[in-house]
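Have a look around first, then read on.

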Amino acid sequence: MIYQTLADLVLLLHVVFIVFVLLGGLLAFRWHWVPMAHLPAAAWGVAVELFGWVCPLTPLESALRRAGGGTGLSAGFIEQYLVPLVYPTELTRNLQLVLGAIVVVVNVVVYVLILRRQRRRTDR
């Protein structure tokens with residue numbers, strides 16, 4: 001039971017991390033220290049998608065599920081949890097590239113807006 005709970009916590013952490021990678025830059029509008037945590041996280045998220053790497057949280061979750069008597073993930077985190085929710089087909093390499101590009105575009109837009117806001121403040 002404890003291993004299944006830990007696996008669920010890893011899954012929750014994984015989801016929170018993905019949301020932070022995609023939208024964490026928005027928190028920089030409120031807290032100026034956020035980019036120090038968000039930019040490395042976003043770079044990691046983009047690298048995982050662009051290079052087709054496996055996030056270390058995926059094998060950790062699988063190991064915990066197996067240790068708890070369950071079966072490990074037969075696919076990566078995105079394929080297992082997000083793709084069935086968002087996309088009806090299997091994750092392809094091209095789709096991974098698109099997801100990585102979306103993360104880059106969203107974060108570039110957010111940080112451009114933040115820099116403009118800071119520039120306006122210093123111009124006053």
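The largest cavity has a lining of three nonpolar, two polar and two charged residues. This is a predicted model, where local features need pLDDT of at least 70 and side-chain atom pairs count only at pLDDT 80 or more, while totals for chains, interfaces and linings use all residues. Residues are numbered from 1 along each chain as its sequence is written, and side-chain values use heavy atoms, with hydrogens and water left out.

**The cavity**
- Ala, Val, Leu, Ile, Met, Phe, Trp, Tyr, Cys and Pro count as nonpolar here, Asp, Glu, Lys and Arg as charged, and the others, Gly among them, as polar.

**The fold**

**The aromatic cluster**
- Trp44, Phe51 and Trp53 make up one aromatic cluster.
- Rings of Phe, Tyr and Trp (its six-membered ring) pair if their centres lie within 6.5 Å; planes under 30 degrees apart count as stacked, over 60 as edge-to-face and the rest as tilted.
- There are two such pairs.
- Trp44 and Trp53 have ring centres 5.7 Å apart and planes at 40°, so that pair is tilted.
- Phe51 and Trp53 are stacked, because their planes are at 25°, with centres 5.1 Å apart.
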